[in-house]
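The following explanation leads through selected features of one protein model. Please keep the sequence and the coordinates at hand while reading.

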Amino acid sequence: MITDSPTATLSLRQRLFFALVALLPLHTVYFQAWISWKPWLIVLAVLLGMHAVEGIRIRTWPWHPVLSVAITVFLVAVAASWSGAAAERYLRLLLALVVGSGVLLATERELREPGAPERTMRVIFWSAAAIAATAVVLALLSVGVAGESAVYDINDVPGIDRVALNVYRAEGMVAVTNWHQDPGYAAAWMNLWAVLAALAALRGLGSGRKWLDALVVGGVWLGVVMTLSRTGLLDMLVAGAAVMWRERARERRGPALRLGFSALLATAALIAGTWAVDPPGVAGDLSTGLAFRFDQGLSLGPGEIDPDRGGVANDSRSEVWPIYVDLFRDNPIRGVGLGTGWANLIQEPHNLVLELLGETGIIGFAGFVLLLTTILRRAHNPVGRTALVVALATSITQTVLFEPTWWLAAALAVSRPVDSPQATVHSKRIQHASLAVDC
């Protein structure tokens, strides 16, 4: 069992990092100033600034040098797609990649500190507990226990974008987005946090109470179900399988199976409870929503026609994917330009490979392959490797490129405890400088 001293004194920089990790899934609270300034983004900017100051003081590049080079190549390759067709969207998405890169570099840097990996898992567990709690409350509100518009009234609170979305209007479906604005990405975050919370609990870094550990994971899984996202449900199966594979060793298999079974029972009980109090004909109907999604199966369409965007079927992969294939065929080297899809009312393709090939061409795709290969070659952390599988599993039906999910998972994968025998002299110099700054 991994232990961590609760009396250890944390520096301001470390506290900022743990705040960053806890808030990373929170995308529905922000203020708008050209971009969406979310709480974690502000913390990330301060943290990176502190790293930069430390690096200047000791005249050393403060972040992982090899990853920094791979990230730079990737960003340059994507930036080469510039076409001028959608300048503002291009700059916003490129900035999102810079932010994701910052999450990767800052997380890898902080996880070199003694005890940081253990504390990070604890932080993620309790962050998942908060997500589970809000998921339960919003699930009840979404089915109308407090009236038709109660869940949408929260959307009108200043500073909140939305916690629920009316999808497929004719069907009357209400998708809980919880800490995100988009149901699919909300499910992606919750699946990632459920996996990391489960792995934390199995390593003695959860609540210390088996029933509460199971309830946290089960509550997060309830949130995934309430998003009504087919990708989210499939990723939940992948996530469960990934945890069981990670814990397949004989001495770990039993506890993992018991936690998984208990979490499933908790999820089933929460769904049953939500179903039982769901008033018919008020707000979203849970049985209707789930039945509609299961009837869709693995269909790629038809998607919902959005009258606010020129009547385009903007959620139909069956229509958008062929368009992106044609974009790549017509512009194979640099693509049509990052963000051009949105500018032409066809949205993103909901597929990582098609996004890269269609909008950034072979150059951008090759840059991403280089970055991913660099990450995989240095992915020594078993927990991080599992997180990376879960984060990238949705890339077939989601464009995960601009979400911090996979960037954080990549950082966990390449990180190792600071006292590892393979720790570099470079990291030791940074640590020494950090101690000097913190004293």
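The paragraphs below take up aromatic contacts, a strand pair, a pocket, cavities and backbone angles in turn.

The model is predicted, so local features need pLDDT of at least 70 and side-chain atom pairs count only at pLDDT 80 or more, while totals for chains, interfaces and linings use all residues. Residues are numbered from 1 along each chain as its sequence is written, and side-chain values use heavy atoms, with hydrogens and water left out.

A pair of aromatic rings is described by the distance of the centres and the angle of the planes. Here, rings of Phe, Tyr and Trp (its six-membered ring) pair if their centres lie within 6.5 Å; planes under 30 degrees apart count as stacked, over 60 as edge-to-face and the rest as tilted. Across the whole structure, 10 aromatic pairs are found. One of them joins Phe74 and Trp407 in a tilted arrangement, 6.4 Å centre to centre and with 45 degrees between the planes. This pair links distant parts of the chain, since Phe74 belongs to helix α3 (residues 65-79) and Trp407 to helix α16 (residues 404-414), 333 residues apart. Helices (H or I, at least four residues) and strands (E, at least two) are DSSP runs, numbered from the N terminus.

Burial is judged by relative accessible area: buried means under 20%, exposed over 50%, and partly exposed in between (1.4 Å probe, protein chains only). Phe74 counts as buried because its relative accessibility is 0%, and Trp407 is likewise buried because its relative accessible area is 0%. Trp407 also forms a tilted pair with Trp406, at 4.5 Å centre to centre and 40 degrees between the planes. Trp406 and Trp407 are both buried. Together, Phe74, Phe368, Trp406 and Trp407 make up one aromatic cluster.

Another ring contact involves a charge, which sits over a ring if NZ of Lys or CZ of Arg is within 6 Å of the ring centre and within 35 degrees of the ring normal. Arg248 lies over the face of Trp245 in this way, at 4.0 Å from the ring centre.

Attention now turns to the strands. In a regular strand the side chains alternate between the two faces of the sheet. In strand β4 (residues 173-176) both faces are covered: Met173 and Ala175 on one side, and Val174 and Val176 on the other, are all buried. Two strands pair if DSSP finds at least two bridges between them; strand β3 (residues 164-167) pairs with β4 in the antiparallel sense over 4 bridges. Within this pairing, Asn166 stands opposite Val174 in β4.

On a 1 Å grid over the protein atoms alone, a cavity is a set of points where a 1.4 Å probe fits but cannot get out, and a pocket is an open set with protein on both sides within 12 Å along at least five of seven lines; lining residues have an atom within 4 Å of a point. Grid points are joined across faces, edges and corners, and a volume is the space filled by probe spheres set on the points.

The second largest pocket holds about 390 Å³ of space. Its lining comprises 16 residues, of which Ala201, Leu202, Lys210, Asp213 and Pro255 lie nearest its centre. Two or more lining residues come from each of α7 (183-202), α8 (210-226) and α10 (250-276), and α10 gives the most, with 4 residues.

Of cavities of 30 Å³ or more, the count comes to 3. The largest cavity has a volume of about 60 Å³, and its lining includes Met173, Val174 and Leu228. The elements that give two or more residues to this lining are β4 and α11 (286-296). The second largest cavity has a volume of about 50 Å³; among its lining residues are Asn178, Trp179 and His180. The largest share of that lining, 3 residues, comes from α7.

Most residues other than glycine have a negative phi, and most peptide bonds are trans. Asn178, in the loop between β4 and α7, has a positive phi near 55 degrees. Leu228 is found in the loop between α8 and α9 (230-246), and its phi is also positive, at about 60 degrees. Asn178 counts as buried because its relative accessible area is 3%, and Leu228 counts as buried because its relative accessible area is 4%.
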